[in-house]
Structures are given as structure tokens and as C-alpha cells.
Amino acid sequence: MKYVIVIPDGCADEPQAVLNGQTPLQAANLPNMDRIVQMGVCGRSNNVPASLTPASDVATLSLFGYDPLQVYTGRAPLETVAMGIPLGPHDWAIRCNLVHVDNEQMRDFTAGHITSEDGAPLIAAMQSAFGGPLPTGDGSSLRGTLEFHPGVSYRNILVYRGSADAPAPFTAATKTQPPHDIPDRAIADYLPKGPGSELLQDLMAKSRSVFAQHPMNLARKARGEKVATQVWLWGQGHAPSVRPFTEIYGPRGAIISAVDLVRGTGMLIGWKRIDVPGATGYLDTDYAAKGRYGIAALADHDLVCVHIEAPDEASHEGRADAKVKALEEIDEHIVGPLLKELPKYGDYRILVSPDHRTTLRTRAHAYGAVPFAIAGTGVSSAGQSSYDEGTAERAALAFDPGHELMRWFLG
Ligand SMILES: [Zn+2]
């Protein structure tokens, strides 16, 4: 049996006035996703427990068949897996966004989708200013060490290395704010709180002066690009421990994604990471290349998961037309070719599902069930016709908690 999972990140949404009262999934022309529903079944699953924040970290764990309430420790430790940064038992990883704050408001959580090339020197400046051992307050106790690691685009990582004698100051009670969920809002209301928050607030405040006259920012300004005004620290956590996917479910998996979070989550459960040239994690990604690599990966994996970030990014930008376009590209260049290839292997199943909702109205992630579509061997038609939120809402098949969907999908 071969399995394919396609994740159009954040595609689930609400009816839009600009789309004549339709959701992006309804407005988009999606013949292949609709065909999966017609051959099989459309249902709904809830990938985000009420006590956690709706985002790809929590929701992807659910989608991959893991209960986030059992295994989730934070976003950053999932990304460090993909970045090849090892975390010891006393270490914490913290997401270190490059952001654009203006007039004390969160204007852009991506600093103008800053390139990795532009971002790296800014992160290096943070490392030389604040990296290394923290000063010891009373001269006796050991303190942790800070490491700033450049990542992809605005997504960088701060690691706090602690030890048994000098544990990190953070706990489960440390609260931080995903910057993508506070567009244009006053940042003062959303600064880190709880244990260790003084250190995080201090680094965020001090990064402003490190960045203000940095040559890279001056160059970006001269080019008319958004500058990174500061870092935003959030998504902290210690290393999670999970059982390998193969041990729990059987199939040997591969993950294709341009974002470290989803790659890292796949790698954490033992899936092989496959990198696709031209995959950007943005609206300009090479959809057809992802389809081709997905097909190629089927030859030596039982399960291939292709994740596409573009619909989520379009939602964060509030662009309904771009969201519709991204969905149509995914349908034509990824779902279509995979759907055509799968029967050549004999028995197969395919699942299309976003991780979570991202609504154009709020330009932020949202709680609630998402629609999924499954077709293939042993899945009989439920008589539904199109892949969208309405079909899912009326469906008999529902998974809450959403991590139970994986076992059903694998049959
Ligand atoms: Zn998002």
C-alpha cells in the first residue's frame, strides 16, 4: 500500500464577500481534490486542542497522528530538528523572528519576507552582542549560554543551553505571543510573561539598537525594502520525545516541505526529509517541482507527505485572490499528478487536509475543525461532490481529537 498526504497549509477559511460569499476552497477550481471527495469521502477533523494555540506546530502533530497534549513542548524545538541543532535535556529552543515594528505596532512578522542572506548578518550581530555565557548575577551560580542560529528567511532560532546545576529559567508557565497573530496590534500588550520573560523582553528591547544602524538594514532601506527593526522571541520549548511513526503505525514516511517546522516535525517522527529546489515556503514556490519530487519519493517510501505553505501565507496577507490561486496550483501541479501516479503502485490511499484554519478576515490562525478528503483502496464513495468547508460541515465522518484521523486513513 502507498499513502500520500497533501497539506495545503491554513487553507480552511470562511465565506468571503470578495469571493461572492464563497470560501477560498469553494471559489477555487479544484477538479482533483473534488475527484478525491467524489471517489471517497470528505470529513472534518479538529487538530487543535482548546488548551493550545492554533498553529502548524500543534496541528501538524495531530495530522501526523500524534496527540499534541502528550508530545507538544513548543514550536522552536520542532524547527531545530530540521536545522540540525541538537538539544540536550536542559536546553530550550526559542523562535527568533526578524520583525518590522513601527509606531510600537507589529507591522510585519516577516520583516518584508527578508531573505536568508539578508537575515543571517542580523542574527550574527545578535550572536556577537548577546551570544555566549550569560553574566552571572551573584558571581557564584552557573548561568546558561545563549546561541543565535540563522534559519530560513525571518525564521531564526535562539537556543538557551542550560545544565542540571543551572536550569533554564523557562517553564510551561512562560507565555509568549506568535507575532503572526497580532497584525498591526500594539506590541506592548503581547510581550513575554512569566518565568524567564525578563530575559526575553530584554533581548527583544536591546535588539532594536543592534539593528537600527546595521549595514544590512541600511542597505535594505536604500533598496526600498522593509527593515528588521528587532527580534521577536516566542515558541519556546525543550526537546520533545516521541515514538517513531513506523513503530506506531508501520509505513516508512518521507516529508516534503519548505518550512523547517513541518520538516522538523516529520523528521522527529522518523520520516525522511526530501528537499525540493525551488520550494520557497511562499506564494512563489515551484508547485510542479514539489509534485515531481512527491512522485519520485513514492518509489522508495510507503508514505509521502507534501506540505505547501502558500495558502497560509496568502491568508496572513489577507489576499483572497492569492489564496485561491495557491489552491488551484496545488490541485493542478501536486494533487493531480500524484493522484494519477498512485494507482500504478496497486493499493493506495490519498489524504488532502490542511493543518489548521487561517482566516482572511483576521489574517490569523483560528480554532475549529478543518475539512479533509480521503480516497483510495477500500474507501467507498460517500456520495459527496466537492472538497470544501460546507461538505465537511455536513459530513458524517468527524475526528475530534484530530490525531485519530491517521489510524483511520491508514486503514
Ligand atoms: Zn500561518
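Predicted model: local features only at pLDDT ≥ 70, side-chain atom pairs only at ≥ 80, totals over all residues.

Guide: Terms come before numbers. On a 1 Å grid over the protein atoms alone, a pocket is an open set of points with protein on both sides within 12 Å along at least five of seven lines, a cavity is a set where a 1.4 Å probe fits but cannot get out, and lining residues have an atom within 4 Å of a point. Grid points are joined across faces, edges and corners, and a volume is the space filled by probe spheres set on the points.

Visitor: How much space lies in the largest pocket?
Guide: About 560 Å³. Its lining has 21 residues, and Leu52, Tyr72, Thr174, Lys175 and Gln236 lie nearest the centre.

Visitor: Which element gives the most to that lining?
Guide: β8, with four residues. Both α3 (56-63) and β8 (230-238) supply at least two. Helices (H or I, at least four residues) and strands (E, at least two) are DSSP runs, numbered from the N terminus.

Visitor: How does the pocket lining divide into nonpolar, polar and charged?
Guide: Eight nonpolar, 10 polar and three charged. Ala, Val, Leu, Ile, Met, Phe, Trp, Tyr, Cys and Pro count as nonpolar, Asp, Glu, Lys and Arg as charged, and the others, Gly among them, as polar.

Visitor: Now cavities. How many of 30 Å³ or more?
Guide: The search of the whole structure finds one. About 160 Å³ of space lies in the largest cavity. Of its 19 lining residues, Arg75, Tyr154, Arg155, Glu309 and Asp312 lie nearest the centre.

Visitor: And its lining by class?
Guide: Six nonpolar, five polar and eight charged. α12 gives the most to this lining, with three residues.

Visitor: Switching to β1. Buried or exposed?
Guide: Seven of the seven residues in β1 (residues 2-8) are buried, so the strand is largely enclosed by the rest of the structure. Buried means under 20% relative accessible area, exposed over 50%, and partly exposed in between (1.4 Å probe, protein chains only). Lys2, Val4, Val6 and Pro8 point one way, while Tyr3, Ile5 and Ile7 point the other.

Visitor: Which strands does β1 pair with?
Guide: β12 (residues 348-352) runs parallel to β1, joined by five bridges. β11 (residues 303-308) also pairs with β1 in the parallel sense, over six bridges. Two strands pair if DSSP finds at least two bridges between them. Lys2 has Tyr348 as its bridge partner in β12, and Val6 stands opposite Val306 in β11.

Visitor: What about α6? Which residues are buried?
Guide: Asp118, Gly119, Leu122, Ile123, Ala125, Met126 and Phe130. Down the axis of α6, the buried residues fall within an arc of 150 degrees, so they line one face of the helix. That arc is taken from the directions from the helix axis to the C-beta atoms. Glu117 and Ser128, on the other side, are exposed.

Visitor: Where is the cis peptide bond?
Guide: Between Asp400 and Pro401, with omega about 10 degrees. Pro401 sits in the loop between β16 (398-399) and α15 (405-410).

Visitor: Last one. What is phi at Asn20?
Guide: Near 55 degrees, a positive value in a residue other than glycine. Asn20 is exposed, with a relative accessible area of 73%.

Note on methods:
Residues numbered from 1 in each chain as written. Heavy atoms only, no water.
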